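Subject: the model I promised you

Hi,

Here is the model we talked about, sequence and coordinates together. Have a look at it first, then read my notes below.

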Amino acid sequence: MKKLLIYLGIVAILFGGLYFVNQQSTKSSDKANEGNPYGVAASKLNPETVKQLSDPNYQNLILPKDLDQRLKNKETFFQYFYASTCPHCKLTTPVLVPLEKDLGIDVKQFNLEEFKDGWNTYKIDSTPTIVYYKNGVEVDRIVGGVPETGATGGNTPDMFKAFFQKYKG
């Protein structure tokens, strides 16, 4: 009988220890997700998205439900669609963010790499794409990014600036 109580005590201590370790693991996982606007564990995100979590150029993100709400509310705004894996977006975003600040406009960023339904939902054919919505309806868009150094084609910073100024109001 004494041995049985000892074994039960050991089992109870082991389960208690497992519970404690699991709680600590959950707390550290929650801390790792703090500041993660996607609301999921970083391990579930594309590695390129994870790299951007601490990049100051990728801090103005919008989730699909919030974008849908803006459209439903018939708001007027610019929307930037990009993919964290898109090399053109990686060149363009560092040009756009300071430009947006200089012009005093708030352009939310929608990551199509994490929200793949957005390609069809918002009729995006390629990234980067900036769409101007007026009263929740698309009015215009500019497609394509800044070209690589020495390359031709694409959009210049002045082209983006002109697009923003055209609709800035």
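What follows is a walk through what came out of the model, from the overall layout down to single residues.

A word on ground rules first. This is a predicted model, so local features need pLDDT of at least 70 and side-chain atom pairs count only at pLDDT 80 or more, while totals for chains, interfaces and linings use all residues. Residues are numbered from 1 along each chain as its sequence is written, and side-chain values use heavy atoms, with hydrogens and water left out.

Overall layout

The protein chain has six helices and four strands; helices (H or I, at least four residues) and strands (E, at least two) are DSSP runs, numbered from the N terminus. Read from the N terminus, the order is α-α-α-β-α-β-α-β-β-α. The radius of gyration is 23 Å, well over the 15 Å that the globule rule gives for 169 residues, so the chain is more spread out than a compact globule. (That radius is taken over C-alpha atoms, and the rule is 2.2 Å times the number of residues to the power 0.38.) Along the principal axes, the C-alpha atoms fill a box of roughly 85 × 40 × 30 Å.

Of the 169 residues, 34% are buried. Buried here means under 20% relative accessible area, exposed over 50%, and partly exposed in between (1.4 Å probe, protein chains only). The accessible surface comes to about 10500 Å², with 58% of it belonging to carbon and sulfur atoms; areas are from the Shrake-Rupley method with a 1.4 Å probe, and for residues only the protein chains shown count as cover. As for contacts (heavy atoms within 4.5 Å), take those between residues at least 6 apart in sequence: 64% of them join residues at least 24 apart.

The cores

Which residues touch the most other members of the largest nonpolar core? They are F78, Y80, Y82, I130, F160, F163 and F164, in a core of 23 residues. β1, α4, β3 and α6 each supply at least two residues of this core. A nonpolar core is a set of buried Ala, Val, Leu, Ile, Met, Phe, Trp, Tyr and Cys residues joined through side-chain atoms within 4.5 Å. A second, separate core has eleven residues, including I62, L71, F81 and Y133.

Leaving out residues up to four places away in sequence, F160 touches T92, L96, L99, I130, I142, G144, G145, V146 and N155.

Helix α4

α4 covers residues 87-103, so to speak 17 residues in all, and reaches 25 Å from first C-alpha to last, close to the 24 Å expected at 1.5 Å a residue; the expected span is 1.5 Å times one less than the number of residues. There is a kink of about 30 degrees at T93, shortly before the proline P94. The bend is the angle between axes fitted to the seven residues ending at a position and the seven starting there.

The buried residues of α4 are C89, T92, T93, L96, V97, L99, E100 and L103, and what covers them includes β1 (77-82), β2 (108-111), β3 (129-134) and α6 (157-168). L103 has 10% relative accessibility and is in contact with K161, F164, Q165 and K168, neighbours within four places aside. After the helix comes G104, with a positive phi near 70 degrees.

The loops

A cis peptide bond joins the two, with omega about -5 degrees. T127 counts as buried at 11% relative accessibility, and beyond four places in sequence T127 touches F81, Y82, A83, C86, H88, C89, L112 and W119.

K123, in that loop as well, is not a glycine but has a positive phi of about 55 degrees; K123 is exposed at 60%. N135, between β3 and β4 (137-143), also has a positive phi of about 55 degrees without being a glycine, and N135 is partly exposed at 44%.

Last, Y38 sits in the loop between α1 (2-33) and α2 (47-52) and is buried at 10%. Among its contacts beyond four places in sequence are L61, Y82, N111 and F115. Y38 and F115 are 77 residues apart in sequence, and their C-alpha atoms are 9.9 Å apart.

Cheers
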